Amino acid sequence: MQIPAPFDYVRASSVDNALALLDRHGAESRVVAGGHSLLPMMKLRLARPDWLIDINDLYELDYLLVDGPVLRIGAMTRHTTLLESDDVRRLFPIITDAEHVIADPIVRNRGTIGGSLCQADPAEDLSTVCHVLDAVAVVRGPAGERMLSMAEFHRGPYETAVAQNELLIEVRVPIRAGSGSAYEKVERRVGDWAVAAAGASVTLAADGTISKATVGLTAVGLDRNVTEVEAVLVGQVPTEQLFAEAGQLAADACDPLADQRGPIDYKRHLADELTRRVLRVACSRAAASVPDVTIQEG
Amino acid sequence: MTLEQAKIEETGAMTFEVNGTRVEATPAPGQCLRTLLREHEHFEVKKGCDTGDCGACTVQIDGTPVHSCIYPAHRAVGKQITTAAGLGQPGNLAPIQQRFVDASGFQCGFCTPGMIVTAAAIEADAALGVDDLPRLLKGNLCRCTGYRSISDSIVGQHTPPDGSCHTAPGHEHAEASSLGPVRATGRTRGARGAGLVGTSPGAIAGERVVSGLEPYTLDVAIPGLLHLAVLGSPHAHARIRSLNVAKAAALPGVHRVFTHADSPTTLFSTARHESRFDDPDDTLVFDQTLRFRGQRVAAVVADSVAIAEAACRLIDVEYELRDAVFDPRLAGAPGAPLVHGDKDPVVSRLADPTRNLVAELHGEFGSVDEGLEMATTIVSGRWQTQRIAHTHLETHATMGWLSGDRLVLRTSSQVPFLVQKEICRLFDLDPAGVRVFTARVGGGFGGKQELLTEDLVTLAVLSTGRPVQYEFTRTDEFTITPVRHPMTIDVTVGAQGDGRLTALKLGVLADTGAYGNHAPGVMFHGTSESVALYNVPNKRVDAQSVYTNNPPSGAFRGYGLGQVIFAIECALDELARELGVDPFELRRLNSVRPGDPLVVTHEEGPDLIFGSYGLDQCLDLAEAALKRGNRAVVPVGLQWRVGTGMASSMIATTPPRGHRSQASVQLVAGGRYLVRVGTTEFGNGTTTVHAQIAATALHTSVDRIDLLHSDTDSAGYDSGAFGSAGVVVAGKAVLAAATALAETLVEVASAWSGHGLTRGTDTGTWQLEHDGLRAVESESELVSLDTLMHWATANDVGLTAVRREDGALRSLAFNVHAFRVAVNTATGEVRILQSVQAADAGFVVNPEQCRGQIEGGVAQALGTALFEEVVLDGAGAVTTRVLRNYHVPQLVDLPVTEVYFAQSHDVLGPYGAKSMSESTYNPVAPALANAIRDAIGIRPTELPMSPDRIWRLLHG
Ligand SMILES: Cc1cc2nc3c(=O)[nH]c(=O)nc-3n(C[C@H](O)[C@H](O)[C@H](O)COP(=O)(O)OP(=O)(O)OC[C@H]3O[C@@H](n4cnc5c(N)ncnc54)[C@H](O)[C@@H]3O)c2cc1C
Ligand code: FES
Ligand code: FES
């Protein structure tokens, strides 16, 4: 048996209750959502909180809501809910793509978007997705709510801007007309964590040119979007050549480590290859939502 | 706050329902649901890991499957939990469970309860289509079956042996193919079929396995059980200068702390063989010198694992660091740090401890130099294989206790009798005072042909007098359990223009790690049948197995052959290309046939014979299947390249120098028979096969056979379940005993009817049938078996027959594998379009099971070929410490393999059977490498052939 260090356990009954408990128990307390990242870490003794505050019952944070120009996703929304949602598929196919390749159905039944983002594992797929979609994280603490861009939220591997006495409450994703998005990952076997993955979101103008484009990468040492590609893509009509250029920029921008999932140059190569693929798919999805636009071959 | 929650915060008590029964429990802080359920004797909830990676612990909570090992126990309050046992029970199985029984959807069965819980949820959810099964089953690993029989069980169909690949759309099947008896065999179920040899009755324990009620090693509640945890060495090479255990010993709940001061001083080997001299004696229960990271420094026995682990962290150790060697190529160099420099080569049976050499073989038959001169074409190359973890889902574990003044060990082992012998030797115990037995074992693959937990439990039980348990974690399995020997293999082969081989030269360097368990055996076996398979007038082998400060290597399915065959079969493929000869033809031209000498560096002894020969048929079957194709659709795009490849292998059906088994068969009440045989069931199907053999010999049906096995108290001696001996040796003993009993029954019937008991006179007139005996000539009424038994008891006539088999003669089995693959040149991805294995298993006693063994072996080999590697950091530390980083194939990763059987009949095995559990693994990796070579024009020489490696070959 791998045994976590001893700790005490308490179930929060509401967001306010959870915040009060975090405040009461202080530095050595942690919230547990699905527990599918935290419990393995505790069993392997990579995390050792004294107090566990279980927010699993906070149904008030389990929702998906199209609210005018944003999709609001409660922090306790399960992977399965995201995977099965028609709204999500219609508005942000990148999320559906990613959810298809996250873990296995049993893990997806419990794991939450909040836990994924707060875990900030470099191989966490939803972190990249939220970056690419320009999502906003709503964080609540004793002093009230803060809205953070993903760049502000995500400080680095396993590190976020959420303070010990705060909770991630919601993720807000802006809805843009004429947009398409996609995610693709290379795993060593299906359901595995990424060797490398890429996500893209593209908005097309009525004339078929790209008005906005974002690319993000997973597990290759880049905690931000590949901002370099934007300049190349925006204002252009999507072509294979353009995707190739963007792929090259993505490969240059990333900074992977060699590990059992592959050496550095292979991961760089994947960053390039996957960037091209997701841009291709994102553009054609965007085109499908903008009548009269077709993607040129070549 | 609800009342329930308030109650938890006050008292920690809570209630929930398991399978409709209310349970009240007080979970410990931090307890996961799995351990809580097991504490309540829900042993159907298994443990395969701790991190949500394997699915063995799957339960439904309010209808949704979850991994109970990463589900906080407290969270179950008020919930309805359903386990496999809640879905159905023997006699009243749920349909999904029944289908797992019918389609042989398991081997060891350790994954099965969790798998079925997931499958039941898939079935219950109308939105989930079985088409998506590969993805839906991602959370449940099976190491034994290769998943074909599992998906068949779930879908409720029976894929013909020539089934198509999962990667092929539409799941179309291959064109009609004839061959092999599998298709012809109807399923015979439970009591309704006789289940004689040649048919496929389901596993004897089937109904209990699918409902989770068949107990495995730790599935028993023992009051007062203590737990043992080990402090492992943080250094790869060090000596313990001082140890202070005072703080650990003082921790409340700690019973004993053991260190090298408590160790017996007898050297032994964790490897177990019929002859204990097969392995070097280089190991102590606790050694003051530490030779790999994780080696035992101390052990703590405490009330709980948590306390024992906490106490381990309180032990102060002062280490004196030593230089270490990690690269096997440097191990033999002058001045290299010596791993066992303190050992006497004679006492420990080591080739040369001053050069870190455990064993070596140098020999030549003919003259390779001359042979190479005669050659018109020469190919040479170097191949590298990796460390592989067995990853049997049940980790190593032992429970021990005292029964009166006898020591009892319940262990997860393939070799209980050998464990008994060595434990008695180590602790100076009388074998009569030690009982070693196994429950059903959750997989082994060679990993449980080691003594890894039993010695510490013995020490702990003997010194505390209390029952003690020691269970490996999944991380222990990756870090301190012996792995497959990594080997560097050089091959040079030469041939003349007509394709005839003139020379074969083999160089092998095996890294056996810090201890020499199985080092000589793996090296010698690895270089034997692989080389002997070919008629080459000039052969040379130079092989060494060396110590390093890496974690130990050990026994693993194929026992060294897989590694060497990988290299030789790849070299032959390259040679065939250079010669412009078809690879199947090259094999036909050069493989041994009955009458040919079997030569490695000298002719093999007369104990190895061609008891039957089906290699020619295997080559034909595999070639025909590959030619026929399977209509799998080749992925579109310029980046995809298609290729085909094949490889052959040969294996002796039993280990050399004897393998012994004693079986007894007894007539008991109700016309039933009790078979006692020592060999262990760990998913290899021997229990079923033994029942079939006994039923056939006794003219009865398998449901009349009861089996006691794998217990030193209740069965005769058996060397153990390794070296593929379960059918060929133990099965032969069962056949001999059952046949003898059948003869005795005929004699007893004659005696009962008033005739004399003279053997061979009028005994032939009585005939044994299912329910009794009948005098053939007089067409008398049936004399029931019970009648005879009563008469025999009254007249003091024994109705038990005991027979032995000593495995003195060994036969040869053959396998040929072929692949068609597509390789993505942009990403290095290998997609298998067609996978074919043709096997010469002699007479196939249980076609469904035998096919399962082949599929499982192929699946494991594909893991080796494509995904798996225990990675070290170059300083002796394992970096792949959890299943998250170690890639055991899942359903979605595997093709359905077409399985064909040659028609052959062995003169040695029972009913003409040969072994078929290890051999299936051996030809797979080279066949795949050859297919990839064919597709991309470059030869991969390193395992695993992961996408990054293939990509590097193309773009490097
Ligand atoms: C076998 C397995 C395979 C997996 N494969 C993948 C994969 O391929 N790709 C992938 O992206 N993920 C994968 N995961 C991770 C999975 O998605 C996790 O469920 C997810 O990362 C964490 O969600 P959780 O709700 O379980 O978080 P928890 O484990 O409960 O929490 C994770 C961390 O976040 C904190 N936290 C959680 N919620 C909040 C909140 N609302 N506010 C503040 N802090 C919070 C916790 O304190 C903890 O530190 C896998 C997990 C497993 C077990
Ligand atoms: S035991 Fe829970 S997933 Fe392995
Ligand atoms: S039968 Fe699946 S792990 Fe053994």
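Biologist: Which residue in strand 12 of chain B is the bridge partner of B:Val257?

Modeller: This is a predicted model. In a regular strand, side chains alternate between the two faces of the sheet. Here, B:Val257 has B:Val300 of strand 12 as its bridge partner. Strand 10 (residues 254-258) and strand 12 (residues 296-302) of chain B pair over 4 bridges, in the antiparallel sense.

Biologist: How many of the 5 residues of strand 10 of chain B are buried?

Modeller: Burial applies to 4 of the 5, and strand 10 of chain B is thus mostly covered.

Biologist: Why does B:Met945 count as buried?

Modeller: A residue is buried if 20 or more other C-beta atoms lie within 10 Å of its own. B:Met945 counts as buried because it has 22 C-beta neighbours inside 10 Å. B:Met945 is found in the loop between helix 26 (924-936) and helix 27 of chain B. Leaving aside neighbours within four places in sequence, its contacts include B:Val830, B:Leu866, B:Ile932 and B:Ile950. B:Gly828 lies 117 residues from B:Met945 in sequence, yet their C-alpha atoms are 9.1 Å apart.

Biologist: How many residues of chain B are in contact with chain A?

Modeller: The size of an interface is often given as the accessible area lost when the parts come together. Counted by residues, 53 of chain B are in contact with 40 of chain A. Elements of chain B that each supply at least two residues to this side include helix 1 (3-11), strand 4 (64-67) and helix 27 (947-955). The residues on that side of chain B divide into 19 nonpolar, 22 polar and 12 charged.

Definitions and conventions. Residues numbered from 1 in each chain as written. Chains lettered and ligands numbered in written order. Predicted model: local features only at pLDDT ≥ 70, side-chain atom pairs only at ≥ 80, totals over all residues. Contact = placed C-beta atoms within 7 Å. Nonpolar A, V, L, I, M, F, W, Y, C, P; charged D, E, K, R; others polar. Buried ≥ 20, exposed ≤ 12 C-beta atoms within 10 Å, placed from the backbone. Pairing = 2+ DSSP bridges.
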